[in-house]
Amino acid sequence: MYLGIDSSTQSLSGMLIDLESGRILQEASVNFGADLPHYSAPSGFIPGGSNGEVHSDPRMWLEALDLMLSRLSAQTSLATVKAVGGSGQQHGSVYVDDTFVSRLQSLDSSGNLFSQLSPAFSRATSPIWMDTSTGRQCAEIAAAVGGNSEVCRITGSVAVERFTGSQIRKFFQHDPAGYQRTGRIHLVSSFICSVMSGCHAPIDFGDGAGMNLMNLASCQWDESMMSATAPALWEKLPALAPAGSLVGYIADYFVKKHGFAPECKVGVFTGDNPASLVGMGATAPGQVVISLGTSDTFFAGMTEPHTDPRGFGHVFGNPGGGYMCLVCFRNGSLAREALRDQLGLDWQDFEAPALAVTPPGNKGNLMLPFFGPEITPRRDFDGPVRKGDAEFEAGENPPAQVRALLEGQFLNMKRHTDWIGIKADCIRLTGGASRNNGIAQVAADVFGAPVERLSIANSAALGAAILAAVTDGCDMATLQNMFCKTAADSRVCPTTGVDYSHALCEFAALLG
Ligand code: XUL
C-alpha cells in the first residue's frame, strides 16, 4: 500500500493505493471550512485580507493532517503502508524558527501536532497562491535582475505576486525581526513532508519553480534571484531534490499515533499541479490537462523549457522528468459559483437546460468571465464584461449567461496557451466541475479536440500516491498505466461543424 497526501486550498486528503489489485483502497478528507470551523476559514483562507492579502493559518493544516490520518486509520490499518508521497497547493509558504526540527523530533504522540509545533512558527500566517498583495515587491525583484524577461528566462516565469519570492521579500520588509528569526522557509508541500519525516524536507523541482527563485536550467537556487529577493536567503531555503526521491522514514509520532510501521518511507512532496500531471497520466510531453478547480489550470508535459512571451504562463519541473508548462486562471470555480449564486441556479442548470437550449457560439453573446481580479491576463476586473444583444448585456437570459461564462473561460484559456505550441489530440479534464458533461462539451468544442475524464476525482492525491510508490522503487509509467484509466463513458467529442476561431478573435478584441 502507498499513501498520497494532498494539502490543497480547501481541504487536506489522503489516498491509499494498492499495487497488487491496482485499486484505490481508501480515501479520507478534511474540509477546512466544515471540519475545522474554529479557524474561521470557510474556504481554507482567512477572509477579508486587505490590499489583496490572502493568508491561511498553518496550524489548520497540522490539525487537518492529524484528523485526516485518524479518519484513514479508523478505516484501514496503516501498518502496511510502504511509503508516503504528497502534494501541496503551490506557492504557499510556511516560516519556522530554529526550534522546528527539535520540536519535530520530540513530538509526544499523546498530544497533537498543532499545539506542539505552533511555537515554531516565525510568521503566524502563510501567504497562499490567491494573494495579490506583492505587486511592489515583484517590480523591485524584476528591476534588480534586469527586468521581467530576465526573471522569466532564469526561473520560467516573470515575477508573480503569488509566487513565493515576492511574498518572502514582503515579509522581510514588513517584519525584519520575524524574517531574521526564521530558520527555514518551506512550501506547503515541503512543510507537510518535513512533519511526516521529522526533518527538514527538500523542495522538488516542480514546486520549487513556483517561487521565482530556482534556476530552471540547473534546478538550483539562483544567486541573482535570491539576492534580489531578501538577504541571507540561501541559509533559509530547503535543499532541492526530485519529487519522489527518498527523504527518510516516517517520524515516530505517526508510528505511535496513527499506526504506521517505522520502516515506512517518505518521499519528496511536490506541488498540486505537478502531482496532478502524474495522477492524470500526462507526464509525457504533449499530453494536455485542464483542471477545473478553485482556480482553473491548464498544464502539459514539455521537453524544452520555452517560456510565455506574454508573461502569464509558467514552466516548472516535471516529476516525470523534463519540464511542464502551467497557466493558471484565478476565476475558475470562483467565477462559476459567483454566477450560479447571482442567477440563483444550481450545478444541474449548468448542464441542462442552460447549455442545452443555447447554441455553441451563444448567438454572438460574449463574456469576459472575470468576477474579481484575474492573473491570466493580469488585470483588476471587478465584474464580467458582456458584449451581445441588449438583454444579454443587461445580465438577463440566464442560459445565455451560463454559456457565455463557460465559453469565455475556455476561450480565455485557448488564447493564453497558444505559446505552448501544442495541438492537443485529446484533452484530459479533471477537477470538480469536470464531471459536468455540458462543461466538458464546451471545452471540446472550443479547443476542437476530444475531452476525456479519468475515473479518479482527486488526481493530485493519486499523483502523490504514485510518487510514494516511485520512492519505493516502482516505475512511474507502469503505475500510470495501472491507475490513470479514463472512465468508460467519459469521452466527449467536438460537435461537428462547430468552429470557435471567429469567437476567439472577437474575444481577443474585447480583451484589448
Ligand atoms: C498554480 C496555482 C494554483 C495552486 C492551487 O500556479 O497557483 O493552481 O497550485 O491549486
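**Ligand site and aromatic pairs**

A polar side-chain atom of Asn273 lies 3.1 Å from an oxygen atom of the ligand, a polar contact being a pair of N or O atoms within 3.5 Å; within protein, one must be able to donate a hydrogen and the other to accept it, and residues adjacent in sequence count only if both atoms are side-chain atoms. Taken alone, the ligand exposes 290 Å², of which the protein buries 94%, by the Shrake-Rupley method with a 1.4 Å probe.

Colleagues, this is a predicted model, in which local features need pLDDT of at least 70 and side-chain atom pairs count only at pLDDT 80 or more, while totals for chains, interfaces and linings use all residues. Residues are numbered from 1 along each chain as its sequence is written, and side-chain values use heavy atoms, with hydrogens and water left out.

For Asp272, a polar side-chain atom lies 2.5 Å from a ligand oxygen; for His91, a side-chain N or O atom is 2.6 Å from an oxygen of the ligand. The residues around the ligand, with a heavy atom within 4 Å of it, include Gln90, Trp129, Arg162 and Cys328.

I turn now to the aromatic rings. Rings of Phe, Tyr and Trp (its six-membered ring) pair if their centres lie within 6.5 Å; planes under 30 degrees apart count as stacked, over 60 as edge-to-face and the rest as tilted. The count by this rule is nine aromatic pairs. Why is the pair of Tyr253 and Phe254 edge-to-face? Their ring centres are 5.1 Å apart and their planes stand at 80 degrees, so the pair is classed as edge-to-face. Tyr253 is buried at 3% relative accessibility, and Phe254 is buried at 0%, where buried means under 20% relative accessible area, exposed over 50% and partly exposed in between (1.4 Å probe, protein chains only).

Ring pairs also join Tyr95, Phe171, Phe172 and Tyr179 in a cluster. Arg123 lies over the face of Tyr95, 4.8 Å from the ring centre, and the charged end of Lys236 sits over the ring of Tyr179, 4.7 Å from its centre. The rule here requires NZ of Lys or CZ of Arg within 6 Å of the ring centre and within 35 degrees of the ring normal.
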